[in-house]
Each structure stands twice: as C-alpha cells, then as structure tokens.
Amino acid sequence: MSRKQKTSVEPTRREGCLICKQSCHGYQQHLWRKVCGGCGCSLADHTPSCDAEDDQRMGRLLADSPCSHLTTKVKGGGGLRVYKRNRMIVTNPDVTRKDPTFETTTYTWCPAGVSQTLALQYMTLLPEAVGAQWGEEGSLARRRRLQEQLPPYDVDPMLCQGLLSDQEISSMLLFVRSYKQEVLGVGEVALAGEGKALMEAATQRGAKEAKDKGSTDSMVEETQHMCTGCGEGVAADSPAVFAEHAGYHRNLWHPACFCCSECCQGLVDLVYFWSNDKLFCGRHFCQTKWPRCSGCDELIFSPSFRTGLDGRTFHHHHYCCWRCGTDLDTPCSC
C-alpha cells in the first residue's frame with residue numbers, strides 16, 4: 001500500500017464541541033493531531049460518529065480473529081465485516097398509577113449470547129459510569145471509551161498519518177495480524193459455574209484446539225470460584241466474565257473487575273487483550289510493544305524517533321507545537 005493510496009475517512013466537520021460550545025462551531029480536523037484544529041479539544045468531545053460508523057470500525061478490529069463470529073459481512077462490501085452489536089430493550093410496567101404504563105429502556109450495548117435476565121444482572125453489577133448504556137449520555141460515554149481504549153488508527157494503516165514508508169506499513173500490518181490471532185478477545189458473560197459450557201462452545205466454534213478433556217473438566221467443576229482481578233470469591237450463581245485466551249478453567253472476573261491492568265478502566269464491550277497473564281485495553285497493550293507518539297497519538301513503527309525530557313515519545317516531524325510548528329525545545333508564544 002503506497003502513501004498515495006492513503007486517504008482519511010474522518011469527516012472534515014461535525015457539530016460543535018460539547019466542552020467549549022461558545023468557541024467552536026464545528027469540528028475542524030487538525031492536519032496530524034487527533035484534535036479539533038479550531039478549539040483543540042479531542043474528537044470525542046465533539047458530537048461523535050453514528051452507530052453504523054462505530055460498528056464498522058469494530059468489525060475491522062474483530063475481523064480475521066477468533067471473534068469474527070461477532071461480525072457479519074457487508075453486502076457488496078468486498079469482504080468488509082461489521083460488528084453485530086447486541087442491543088437490549090427492556091420494558092418495565094409502572095403500576096403506581098391507576099392505569100399502568102410502561103417505561104422502555106434501550107441499552108446501546110449488552111453482552112451477547114445470554115438471556116435478558118442474566119444480561120440485566122450483569123449490568124447492575126457494573127460501576128454506574130460503565131453500566132449506564134442507555135440514552136444519549138450512555139451512548140456518548142460508551143463511544144468515548146471506544147475511542148480511548150480502541151483507537152481505530154491502531155488497527156488500520158489507512159487512518160495513520162505517521163507511517164512514512166512501506167516498511168513501517170508492513171510492520172504495522174504484521175503487528176495487527178499477530179495480536180488479532182494471539183491476544184485479542186471478547187469476554188463472555190455466564191454464571192460462574194458455567195465455565196465448562198463456555199469452553200465446549202468455543203471448541204465447537206473451532207476458535208482454538210480443544211485442551212486435554214480429563215484435566216480441564218476436573219478443574220472447571222471446582223466449587224470454589226475466585227475472581228482473577230480482586231482475588232475474592234464469586235458465587236456459582238452470580239454473573240462472571242470469562243476470557244478464552246486466559247483459559248475458561250483458570251480465570252474469571254467479577255463484572256466490575258474486568259478492567260485494563262494499566263488504566264483500570266472497565267473494558268468497553270468486553271474487548272480485551274491478554275498478554276503476560278494480564279488484561280489490557282487495546283491502547284495500553286499496543287503501547288507495551290511499540291512507542292506511541294504524544295503528538296499524533298499513533299504508534300511509532302520507525303526505529304528512529306524523538307524522546308522528550310519528560311520521557312514522552314514523538315515522531316520526528318511531530319516534535320513541535322501543534323499550533324505554530326515550533327520545535328518543543330524552543331519556547332513559543334502559543
């Protein structure tokens with residue numbers, strides 16, 4: 001893929017900034033920094049993309065991985081896949097009135113492959129900031145976490161402005177292919193005592209080779225279930241999160257403990273990266289393998305880069321003031 005083929009898929013304008021509404025009337029994409037060129041606020045602080053765009057990005061992330069069953073092909077899309085995001089509509093009757101009414105809550109996301117009862121149990125065990133997946137505010141909060149934890153430019157070289165050679169593009173493609181197969185996964189929600197059933201379902205999907213049945217069965221059927229995150233017990237009839245790469249018979253988490261080991265944020269849509277016996281979000285896993293440019297926020301695949309006095313790393317051409325372009329070692333009026 002040559003540099004001439006690379007085009008940005010980000011829209012050039014969006015609605016005003018949610019933070020500084022008075023000073024910004026619309027998103028203006030900065031030349032290389034992931035902020036608005038007008039107000040300096042992040043893309044997530046502006047009215048974000050639609051659900052369809054987010055699902056397409058998630059489809060690109062999960063495609064060609066053991067989690068591709070959570071995606072579906074786009075008709076006429078040349079093999080592109082889109083995320084089959086699981087939504088849930090809950091209708092609750094209000095019997096406090098003489099004539100009962102019904103309140104409907106639509107969750108923008110909930111765990112896939114479980115009953116509504118279990119899904120609601122799971123959602124109530126999450127911290128409020130993570131569990132509130134309904135309404136405009138819940139949708140915006142989820143979208144911000146998607147942008148923070150799973151930057152689309154960590155997956156698709158077409159979205160990167162810092163790749164300056166075919167060698168760097170090839171390095172990124174190999175890296176993405178590797179982590180999709182070896183560390184990327186989506187957590188599965190089940191009762192703590194149902195790890196064996198999840199393991200059998202994964203084997204049937206052909207996602208990985210079956211382990212020795214005799215040894216795993218005895219471990220799965222243990223009566224004690226301990227959370228890998230906090231080390232406390234998990235009741236057999238309580239919702240828990242399992243991660244296939246971590247081993248269904250070895251690890252499970254309380255819903256609130258399924259977090260990135262680096263930033264401690266709850267993993268959005270249960271998307272995890274399992275490395276060195278730890279959970280990571282996409283952003284922090286990638287940073288354990290490659291440095292990240294503090295200017296453009298992209299991974300650096302060049303062997304040569306700048307390091308500031310504070311330890312931050314930069315592409316050589318991004319070691320400058322993002323407004324006037326002055327080298328960061330030289331004071332500027334900005």
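**Aromatic rings in a predicted model**

Author: Phe-175, Tyr-179, Phe-273, Phe-285, Trp-290 and Phe-301 form one aromatic cluster. Rings of Phe, Tyr and Trp (its six-membered ring) pair if their centres lie within 6.5 Å; planes under 30 degrees apart count as stacked, over 60 as edge-to-face and the rest as tilted.

Reader: What are the ground rules for this model?

Author: This is a predicted model, in which local features need pLDDT of at least 70, side-chain atom pairs count only at pLDDT 80 or more, and totals for chains, interfaces and linings use all residues. Residues are numbered from 1 along each chain as its sequence is written, and side-chain values use heavy atoms, with hydrogens and water left out.

Reader: How many aromatic pairs does a search of the whole structure find?

Author: The search finds 14 aromatic pairs. One of them, Phe-175 with Phe-301, is tilted, at 6.2 Å centre to centre and 55 degrees between the planes.

Reader: Where in the chain are Phe-175 and Phe-301?

Author: Phe-175 is in helix 5 (residues 166-182), and Phe-301 is in the loop between helix 8 (282-289) and strand 10 (306-307). The pair links distant parts of the chain, 126 residues apart. Helices (H or I, at least four residues) and strands (E, at least two) are DSSP runs, numbered from the N terminus.

Reader: Is Phe-175 buried or exposed?

Author: Phe-175 is buried, with a relative accessible area of 10%. Phe-301 counts as buried too, at 6%. Buried means under 20% relative accessible area, exposed over 50%, partly exposed in between (1.4 Å probe, protein chains only).

Reader: Why is the pair of Phe-258 and Tyr-272 edge-to-face?

Author: Because the planes are at 80 degrees; the ring centres are 5.9 Å apart. Phe-258 is in the loop between strand 7 (239-242) and strand 8 (271-275), with Tyr-272 in strand 8, 14 residues apart. Both residues are buried.

Reader: Which charged end sits over the ring of Tyr-153?

Author: That of Lys-34, 4.6 Å from the ring centre. The criterion is NZ of Lys or CZ of Arg within 6 Å of the ring centre and within 35 degrees of the ring normal.

Reader: Switching to confidence: what pLDDT does the protein chain average?

Author: The average is 83, and 85% of the residues score at least 70. pLDDT is the predictor's confidence in each residue, from 0 to 100.

Reader: And where is pLDDT under 50?

Author: Residues 207-222 are one such stretch, with 20 contacts beyond four places in sequence in the model. Contact means heavy atoms within 4.5 Å. Where pLDDT is low, the predicted coordinates should not be read in detail.
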